Structure formats: C-alpha cells, structure tokens
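Morning, everyone. Let me put the structure on the screen, and then we will walk through it.

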Amino acid sequence: MFRGTPSGIWLNQDLHEVFGINVKPSLESSDTLFDEISEKLSRPEFSPRALFKKFNISVLCTTDAATDNLTHHKTIKESGWDGRIIPTFRPDAVVNLDAPNWRNNIADLGRVCGYEITDFVTYIHALEERREFFKGMGATATDHACITPKTAELSKIEAESIFQRALHGQVGNEDSARFTAHMLIEMARMSIEDGLVMQLHPGSFRNHNDLVFQRFGLDKGCDIPVQTEYTRNLQPLLNKYGNDTRLTLILFTLDETSYSRELATLAGHYPAIKIGPPWWFHDSLNGMARYFDQVMETAGIYNTTGFNDDTRTFCSIPTRHDVWRRASANWVAGLVVRHLVDMDDALEMMFDLSVRLAIRSYKLFE
Amino acid sequence: MFRGTPSGIWLNQDLHEVFGINVKPSLESSDTLFDEISEKLSRPEFSPRALFKKFNISVLCTTDAATDNLTHHKTIKESGWDGRIIPTFRPDAVVNLDAPNWRNNIADLGRVCGYEITDFVTYIHALEERREFFKGMGATATDHACITPKTAELSKIEAESIFQRALHGQVGNEDSARFTAHMLIEMARMSIEDGLVMQLHPGSFRNHNDLVFQRFGLDKGCDIPVQTEYTRNLQPLLNKYGNDTRLTLILFTLDETSYSRELATLAGHYPAIKIGPPWWFHDSLNGMARYFDQVMETAGIYNTTGFNDDTRTFCSIPTRHDVWRRASANWVAGLVVRHLVDMDDALEMMFDLSVRLAIRSYKLFE
Amino acid sequence: MFRGTPSGIWLNQDLHEVFGINVKPSLESSDTLFDEISEKLSRPEFSPRALFKKFNISVLCTTDAATDNLTHHKTIKESGWDGRIIPTFRPDAVVNLDAPNWRNNIADLGRVCGYEITDFVTYIHALEERREFFKGMGATATDHACITPKTAELSKIEAESIFQRALHGQVGNEDSARFTAHMLIEMARMSIEDGLVMQLHPGSFRNHNDLVFQRFGLDKGCDIPVQTEYTRNLQPLLNKYGNDTRLTLILFTLDETSYSRELATLAGHYPAIKIGPPWWFHDSLNGMARYFDQVMETAGIYNTTGFNDDTRTFCSIPTRHDVWRRASANWVAGLVVRHLVDMDDALEMMFDLSVRLAIRSYKLFE
C-alpha cells in the first residue's frame with residue numbers, strides 16, 4: 001500500500017537508519033520486525049532523549065494551547081537536560097469562535113491569567129500576557145490555523161459586540177469569520193510588539209469525516225484541503241503591517257496553485273512575508289520539487305524559511321530532513337549544471353536551505 | 001497542426017501499428033494514404049471484430065442511456081461471438097432536470113419499464129429496475145456527468161415536490177442543482193445495494209459554442225472544463241456512504257488542481273473513493289506524468305484504478321493503452337533508479353497499473 | 001538575493017553579453033561595475049538606437065493610452081531612422097470606469113478627437129477613430145487589462161445609461177464591471193472591422209500595497225495575481241465572435257491553473273483564440289517549461305503566438321528571447337529524443353516558436 005508514497009520512504013529509511021533493520025516489511029517479516037523494534041525501544045540508547053541527541057536535533061518546537069501552563073516544558077527545563085524543546089503559542093481554541101467549547105476555553109484563559117475575561121479589552125490583554133509567558137518559556141513563534149486567511153479590521157465597538165455575543169453563546173452567522181479575520185490582524189500587531197514570529201496555515205477542512213469525528217473526536221486525521229485565496233484575503237493585514245520589517249509572517253499552504261500565483265508574488269513584494277516549506281501532504285519528494293519549481297523563481301530563496309517538518313512521528317524526523325536536503329541539493333545542482341548559479345553560490349544556498357534560513361526565520365539563536 | 005499533440009502521436013502510431021503504414025501524412029501523401037487505408041478497411045482482417053481480437057481487448061464498455069433497451073448488446077450476445085462488450089448505466093438524461101427533453105426521457109423511462117412514472121418513488125423504483133436490467137446484460141458500472149459534484153440530501157417531501165414541478169415543466173431556479181445533488185447520493189445508495197461501481201466525472205461545461213450547438217446539436221466536442229470543487233461538495237455523500245467498503249466511487253477530473261489538493265487526499269482517506277485515470281484532455285503523456293506526480297504520493301496507487309481510455313476512435317485503443325503503460329513504466333522506473341521502491345515492488349506495480357487495478361476496480365471478473 | 005531567479009539570470013547575462021563584464025556582482029565589485037557600466041553607456045555604441053540594431057530587434061511595440069497623440073512615434077518616424085517602433089492601442093483608462101480620473105480621461109479623449117464626448121455612441125465613435133489613428137501610425141494590436149475577463153453584452157439603453165451615470169460621477173456598484181464586460185465585446189467587434197489583433201491580460205490585482213500607492217501612485221510594481229476564470233467569462237464574447245476567423249484574440253494569464261484547463265481547451269476549439277506566451281512572473285525558465293508542458297498538448301503550438309517579452313528593461317530583451325529560444329529548444333528536443341516528432345518537424349517548430357508564430361499572430365509583416 002505504501003509503494004511510492006512518502007510514508008513508504010520514511011518507514012524504510014527509519015527502519016534502516018534508526019533501528020538498523022534491513023528486512024523488508026511484509027506479512028512474513030511482521031512478527032520478527034515487531035519483536036526486534038520492541039526489544040530495541042526498551043534499550044536506553046533508544047530513549048527519546050538519547051534519540052534526540054543521536055538525531056542531532058538543535059531545536060524541537062511543540063504547539064500548545066494559549067491556556068496551557070507548559071508544565072512539561074517546565075519539567076524538562078528543571079530536569080537539567082540540555083536538549084532544547086520550546087513551546088509555540090497556538091491560540092486557535094480561544095480565537096476561533098466556532099471552536100468546540102470556546103466559552104470553556106475563555107474561562108480557562110481567565111483561570112490561567114488569574115482574572116475573569118468579561119470583555120474584549122481584557123481578552124486581548126490576556127492573550128498578550130500568555131504570549132509573554134510563552135516567550136519566557138522559550139517560544140519564538142506563534143501558530144494560527146484557519147479555513148480561509150481572510151483578514152479584516154473591526155471597529156472596537158464591533159469587536160466588543162461580537163465578543164459579547166460569543167460570551168453569551170449567541171454567535172451570529174458571520175461573527176466567527178469576522179472575528180478570526182480581525183484577530184489575525186491583532187496577532188500581527190502583537191508579533192510586531194513582542195517579536196514572536198507569526199505562522200499562518202490555512203486551507204484545511206477539519207474533521208471532514210463525520211463518523212470518525214462522532215466516534216473519536218477532533219483532529220483524527222480526517223482533514224481535507226480546500227482552495228485557498230491569499231491575495232485579496234491578506235490585503236487588509238498587509239496594508240496595515242506588510243511593510244513593517246519587525247513582522248515575520250510565515251505563510252503555509254495546502255493549495256499548491258497559490259505557490260506561483262499568490263505566495264511567491266506576495267513574498268517577493270512584502271518585507272513581512274516569508275513562505276514556509278511544503279507542508280503536510282506536500283512534505284514529500286514531489287511536493288518539494290513542485291515547491292522549488294513554482295516558488296523560488298519569483299520569491300527567491302531568501303523569502304523562504306528552509307525546512308521544518310510537522311510530524312508527530314519522532315523517528316521520522318531525521319528522514320524528513322534528509323529528504324528535504326536531498327530535494328534541495330537536487331534543485332540547486334540543476335541550477336549549477338545549467339550554469340544558472342556558480343558553485344560558490346550553490347554552496348551558500350545549500351547551507352541556507354539546510355540550516356540558516358530556518359534558524360534566521362524563526363529567530364532561533366537571537 | 002498535430003506536432004507534439006496526443007492526436008499526432010495516436011495518428012502516427014495507429015497508421016504504423018494497425019495499418020502498417022510508414023509514410024508520413026502530408027499534403028503530398030494524403031491521397032495515397034486514403035486509398036491504402038480504404039483498401040485495408042475493406043479486408044476481413046480489418047473488420048471491427050477482427051481488430052477487437054487483434055487488439056487483444058478483454059472488455060469494452062459502452063455507455064448507454066437509462067432508457068436504452070440495449071438491443072445491440074443483445075444482438076452481439078446472440079451472435080455467438082465471444083468478444084466481451086458490456087453496457088454502462090448512464091442516467092444523466094433522466095437525472096439532470098435541465099437535460100434537454102427531460103420530460104420525454106421520463107416518459108421513455110416509464111415506457112421501457114412498463115408503467116407510468118408519476119411520482120418520485122416510482123421514479124426511483126424505475127431506476128433501480130433499469131440498473132438491474134443493465135447488470136443482467138453484463139454491466140459492472142454506472143457513469144454520471146455533472147457540472148459540479150455537489151451532493152446534498154433532500155427530504156422525501158422536497159424530492160417529491162421538485163420532481164412534481166419538473167414533471168409539470170415548472171423547474172425552479174435551484175431545482176435542477178438540488179435534484180442532481182440528491183440523486184448522486186441516491187445513486188451511491190443503489191451502488192451499495194446492487195454492487196455497480198459508480199463513476200463520477202464532473203467539471204465539463206457542455207455545448208460551450210452556441211453556433212455549433214444550434215447547428216449540430218448536443219455533444220459535438222464543444223465542451224470546455226471549469227474549476228471543480230470536491231472537498232465540500234462531496235462531503236454529504238461521503239458522510240453517508242464514504243466509509244462503506246461496499247461502495248466504489250471512482251472520481252474523474254478535468255481540473256488538475258484537484259489532484260494533489262482534493263482527490264488524492266479524499267481517496268487516501270475514504271475507503272469508498274478511488275481516483276480514475278487522467279481523462280479526456282489529460283489522456284496524454286504530460287497529462288499522465290502530472291497525474292503520477294501529483295496523485296500517487298498522497299493517494300498511493302492502490303487508491304487509483306489503472307487505465308481506461310474514453311475514446312470514440314476504435315483504432316486508437318491500443319495506442320492509448322500503450323502510452324499509459326509507457327508513462328507508467330517511466331514513473332515506476334524513476335522510483336527504482338532513485339531506490340524509492342525495489343525491483344520486486346516495481347514489477348508488481350507495473351502489472352497492477354497495466355491490468356490488475358482496472359480489473360479489480362471495475363469488478364470485471366467477479 | 002537573486003540566486004536562482006530570472007532577475008539573476010538576466011542580470012548576469014546582460015552584463016556579460018551587452019557590457020562584456022565577467023566580474024561577479026558583489027559588495028566588493030559594485031563600485032567598479034558601476035563605473036564601468038556608466039562609462040560604457042556614455043559611448044555612442046551604447047545609445048538606445050545602436051543597441052536596438054545590435055540586439056537585432058525587428059519590431060518593438062510600445063503600449064499607449066487611447067488619448068496619446070503618439071508624438072514620440074512621430075519624432076522617430078520623422079528622424080529618418082529605420083528602426084521599427086510601433087504603438088499599441090491600450091484603452092484601459094477610458095474603458096474601465098473605475099480607472100482613476102476616468103472623467104478627465106474622457107475629456108482628453110474628446111480633446112484629441114476634436115469633439116466633446118457626451119454620449120455612448122460618440123464615445124464608441126471616438127474609440128474607433130483613435131484605433132484608426134494608431135493603425136495609421138503602424139499599430140497592429142490592442143491591449144486590454146482587467147481584473148476578470150468577464151464579458152457580457154448590454155443593450156444600447158443600458159450601455160448609454162451606465163455611460164451617463166459615469167459621466168456624471170455616479171458610477172453604481174456593478175456599473176464598472178458590467179461596462180468593461182460589454183466593452184470587451186465592442187473591442188472584439190472593432191478588431192474584426194479594423195484588423196487590429198486583440199490582446200487580453202486579466203488577473204492582476206493592481207496597486208495591492210496601499211502605502212506604495214499613496215506615496216508613489218499607480219503601477220509601481222505592487223500588483224499581485226488572483227485566480228482567473230475564462231470558460232464562463234468569455235462565453236458571451238466567444239458566442240458572438242469566437243468562430244470568426246477575422247478576429248485574433250490573444251489571451252494571457254497570471255493564473256497557470258488555466259493553462260491546461262481553460263486556455264488550451266478554448267484555443268483548441270475557437271478559431272479566434274490564441275494563447276500568448278508565459279507572462280510577467282512566468283517569463284522565466286520554469287514558467288516556460290510549465291507552459292510547454294501544460295498548454296501545448298491540447299492547444300498545439302499553432303494556437304500559440306511564440307514569444308514577446310513585456311519588459312521595461314531594454315538591455316534584458318536579448319536575454320529574455322534567448323531564454324525563450326533555449327526553453328523552446330529544450331522542449332522540442334525532448335519530443336525528438338522520445339520520437340514524438342521527427343527532426344524535420346522539429347526544425348520547423350523551432351523556427352515557428354522563435355520567429356514565425358509571433359510575426360504571424362501579430363500581423364507584423366502584412
């Protein structure tokens with residue numbers, strides 16, 4: 001089933017590189033493989049921290065709810081271990097009014113802040129405080145999901161009135177979309193003030209399979225991409241902050257048609273915008289090839305951010321970055337053999353694509 | 001005019017392979033070629049049945065109106081010839097309310113069933129009977145065209161009331177779209193019950209050229225593709241039947257932007273969905289290369305259906321399948337030389353892509 | 001910053017080919033390069049006319065407002081110089097009601113025609129006169145920009161009434177879109193009558209960056225592409241004139257998703273339509289490769305128009321055409337080595353792609 005898929009590539013390479021297994025997975029070999037992997041995972045050199053070191057990971061970022069008290073991050077810090085694991089501020093559950101349990105989430109937000117949130121001003125203040133807390137815990141970035149990257153500023157009165165309706169469980173038809181559109185602009189403003197890098201990844205229709213959602217709940221891998229429009233949707237945010245070099249707004253997409261048409265042209269124009277790596281379904285050899293083909297000519301590599309994987313599969317991290325470096329090297333080599341860049345530039349580009357762009361874009365060593 | 005086009009490739013290869021002609025078609029050679037082809041076509045070894053055997057065709061499927069009594073299929077069966085030619089149930093003319101002569105088509109449907117169709121329940125029953133008849137005549141699949149793959153369930157009362165309006169020639173503004181959206185769900189339900197594979201090919205703006213339509217009528221090759229959305233449109237159908245393994249819903253597209261964004265992700269997720277081969281304008285070397293590039297990583301080949309051509313040009317059938325096999329082999333070989341699959345897997349994949357996937361998806365030997 | 005971008009390629013090749021400079025541009029070399037280029041530009045062999053001859057340019061077309069009296073064109077003609085520089089009729093500023101200063105532009109149009117424009121009929125007449133004037137000055141084509149290629153015919157009364165509202169500064173909500181949609185059909189009608197080739201390049205969201213617009217005004221490079229729909233939008237125009245072989249309507253796009261889905265299929269079907277070369281952001285090696293890949297199979301090269309660059313950078317003209325010829329040769333060679341065309345056809349195709357298609361499509365030597 002995995003022939004020719006990224007999952008197949010990762011699995012084979014993980015087995016070989018991480019577990020030293022060269023037997024091909026099959027019906028016949030499955031029991032042996034299971035036993036061998038289980039045995040190895042119980043050894044100290046296969047503990048998460050040992051693998052973290054073996055994988056040579058500089059920084060690993062989690063994404064955490066705005067209401068999270070980051071206990072595990074504290075535990076790691078206090079354990080004396082020197083692996084760098086930092087949080088990322090992901091406020092979707094308190095920003096998207098149609099998030100399940102939004103009112104409970106607001107109550108949680110008040111609880112973690114130590115005061116009740118009864119109006120929009122307090123709400124904004126609470127978010128700013130939480131960002132400060134995350135930053136203190138090492139965070140360098142925020143992360144925002146939305147079905148469409150629509151941005152539009154509300155007046156203070158409108159924002160307050162939508163917020164009040166939501167607090168009273170009376171979210172109107174357009175309220176949720178308008179509120180998120182406004183909050184993305186607020187978040188850009190906060191990023192300019194506190195320096196956190198802002199990531200936006202729109203275009204995923206969440207919980208598409210109702211049966212799975214009813215039985216197992218949110219975010220169980222039933223998300224299907226939809227068309228995503230950036231040019232018109234982001235204009236209000238960009239007209240306010242797009243020329244501000246203090247802002248880094250990293251755009252992701254599941255709609256590859258936006259690569260050459262919208263993302264590359266926006267990133268080529270606005271100082272604040274950078275394009276994130278090929279994401280999710282496109283974190284693959286062909287996905288990367290299309291990304292290099294369609295993004296780089298117009299955006300230039302210096303408006304992109306190198307590579308970060310987005311995996312829940314710890315052991316696949318080295319393979320995914322290896323795939324990225326091979327895809328990058330293949331693209332750069334193509335430029336060299338056609339004499340479009342010389343070897344000096346190519347070596348710089350490879351170092352940038354492999355390491356420096358990610359470090360710089362996410363302000364990882366500032 | 002045909003330089004570098006699929007028509008050019010087919011024509012050259014057909015002349016060479018089928019007619020043994022190696023002269024390049026040109027103004028000078030046209031008369032000689034015409035005479036040579038005419039002479040050959042009159043020979044017994046160039047009769048359709050002789051060519052069918054020479055082309056080594058296992059199964060040829062026609063598409064037939066729901067009201068068709070399949071006389072020609074009966075004639076072939078009764079002739080004692082062992083070539084397998086089977087019908088496909090294509091009910092567009094009785095399902096799409098804006099089909100020209102819909103009311104006459106319903107009258108025909110009643111006539112072929114032997115009772116008058118005066119309400120929605122009888123109409124559904126008639127369709128089920130016709131499907132049973134087609135199945136008895138060898139059909140394994142149905143085929144559905146629509147401008148957009150919108151699905152949405154109507155209440156029984158709504159369905160009946162739209163149907164009554166249509167019977168009385170009073171189709172309202174939204175009626176046709178809502179009725180088709182409902183009927184696609186009904187057709188999926190029937191497929192689960194009778195086992196016929198359901199094919200859906202949306203996104204063709206039919207009869208775009210009004211002059212040609214006025215002068216020559218329907219379906220004269222003036223169809224131009226439009227953008228097609230699957231993620232939101234198919235959700236109602238998929239929430240009802242997408243997890244049901246008894247359903248095989250094969251999706252085609254003329255909008256290649258849906259390959260990596262919607263079709264591959266839907267087929268990767270829902271057990272009922274498979275992706276049909278590159279269709280119509282994309283039944284070409286580049287169209288196939290884009291299909292392999294954009295579909296396979298996320299869907300995996302086992303959620304695709306191999307190849308079926310959709311030609312009215314009998315002699316081009318071997319060439320089209322040859323192009324598919326070459327394009328497949330080129331893609332698989334690319335995986336092998338980059339060590340992404342091994343040779344054992346590659347050989348299995350080639351057999352699957354050439355023969356087995358089509359046979360299995362269309363239940364051709366069950 | 002320019003590594004791997006078209007700007008980088010053009011810059012390097014321009015320096016080498018035009019200025020004989022082989023030093024790599026860098027912080028260290030910048031002063032020397034500046035001095036060397038400045039010195040060379042002051043020499044007579046680097047004058048625009050000398051470079052025009054050196055670049056071997058057959059025809060250079062400017063684009064000019066409908067109200068332009070083409071003084072510079074007159075001056076060139078009267079100077080006795082034999083370089084061919086011709087105008088192109090671009091009436092956007094008097095056709096798009098939401099163009100800044102539309103009323104002033106109409107007043108200018110009246111002034112240059114010698115009569116006041118107070119109604120739609122006079123307005124149409126004035127446009128016809130201006131086209132005639134441009135034609136007399138050597139123009140062979142018109143050029144039309146719009147955000148969407150929507151076409152729709154208005155009744156005479158509607159056209160007049162929108163025109164009157166606009167003249168009185170009372171443009172209604174839909175007026176501008178409907179007027180442009182009507183005027184595109186009018187322009188096609190005029191093209192049939194006077195033989196000027198009609199170019200349409202939709203899909204650019206102009207002046208996206210409000211800060212730049214406020215500070216520096218119109219058209220300062222802040223244009224971002226948007227999705228563009230051709231199939232439904234162009235149907236009214238095509239149903240009226242698409243089958244008329246006297247019309248040449250050249251379509252450009254910034255939305256590459258339209259290549260295989262809409263442009264190639266429309267151009268393959270309608271005698272009047274041809275597809276322009278990859279434009280603007282897509283005037284690049286990868287942009288051209290995608291164009292060849294996605295357009296040619298369905299449209300055939302004889303429904304395309306070869307290459308015209310769209311540059312404001314005079315010295316980059318030879319490089320841009322060189323890039324096109326290399327990209328063309330690479331594509332054609334790929335067809336040859338795969339035996340899809342033979343060498344005789346390939347040589348014809350190369351001559352067509354390099355020179356003949358552009359000359360023929362734009363009627364440059366009729």
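This is a predicted model: local features need pLDDT of at least 70, side-chain atom pairs count only at pLDDT 80 or more; totals for chains, interfaces and linings use all residues.

Start where chain B meets chain C. Here 25 residues of chain B are in contact with 26 residues of chain C. Which elements of chain B supply at least two residues each to that side? They are α1 (6–19), α10 (210–216), β8 (224–225) and α13 (285–299). Sort that side of chain B by class, and you get 12 nonpolar, 9 polar and 4 charged residues.

Now, the relation between the chains. In general, two copies of a chain are related by a rotation about an axis and a shift along it. For chain B on chain C, the rotation is 120° and the shift along the axis is 0.0 Å. The RMSD of that superposition is 0.0 Å. That is the relation of a three-fold axis. Do the copies use the same surface or different ones? Different ones: 4% of the contact residues of chain B recur in chain C. And look for Thr257(B). Of the residues of chain B, its C-alpha comes closest to the rotation axis, at 3.9 Å.

Last stop, chain A. Take helix α13 (residues 285–299) and helix α14 (residues 317–337). Their axes come within 10 Å and cross at roughly 40°. The two helices, α13(A) and α14(A), are therefore oblique to each other. Their crossing is right-handed.

Which residues meet there? From α13(A), we have Leu285(A), Met288(A), Ala289(A) and Phe292(A). From α14(A), we have Val323(A), Trp324(A), Ala327(A) and Trp331(A). By class, that contact has 8 nonpolar residues, no polar and no charged.

Terms used:
Residues are numbered from 1 along each chain as its sequence is written. Chains are lettered from A and ligands numbered from 1 in the order in which they are written. Two residues are in contact if their C-beta atoms, placed from the backbone, lie within 7 Å. Helices (H or I, at least four residues) and strands (E, at least two) are DSSP runs, numbered from the N terminus. Ala, Val, Leu, Ile, Met, Phe, Trp, Tyr, Cys and Pro count as nonpolar, Asp, Glu, Lys and Arg as charged, and the others, Gly among them, as polar. Copies are superposed by least squares on the C-alpha atoms of residues with pLDDT of at least 70 in both. Axes are lines fitted to C-alpha atoms, for helices over the stretch in contact, and angles run from 0 to 180 degrees between N-to-C directions. Angles under 35 degrees count as roughly parallel, over 145 as roughly antiparallel, 65 to 115 as roughly perpendicular and the rest as oblique. A crossing is left-handed if the near helix is turned anticlockwise from the far one by less than a right angle, and right-handed if clockwise.
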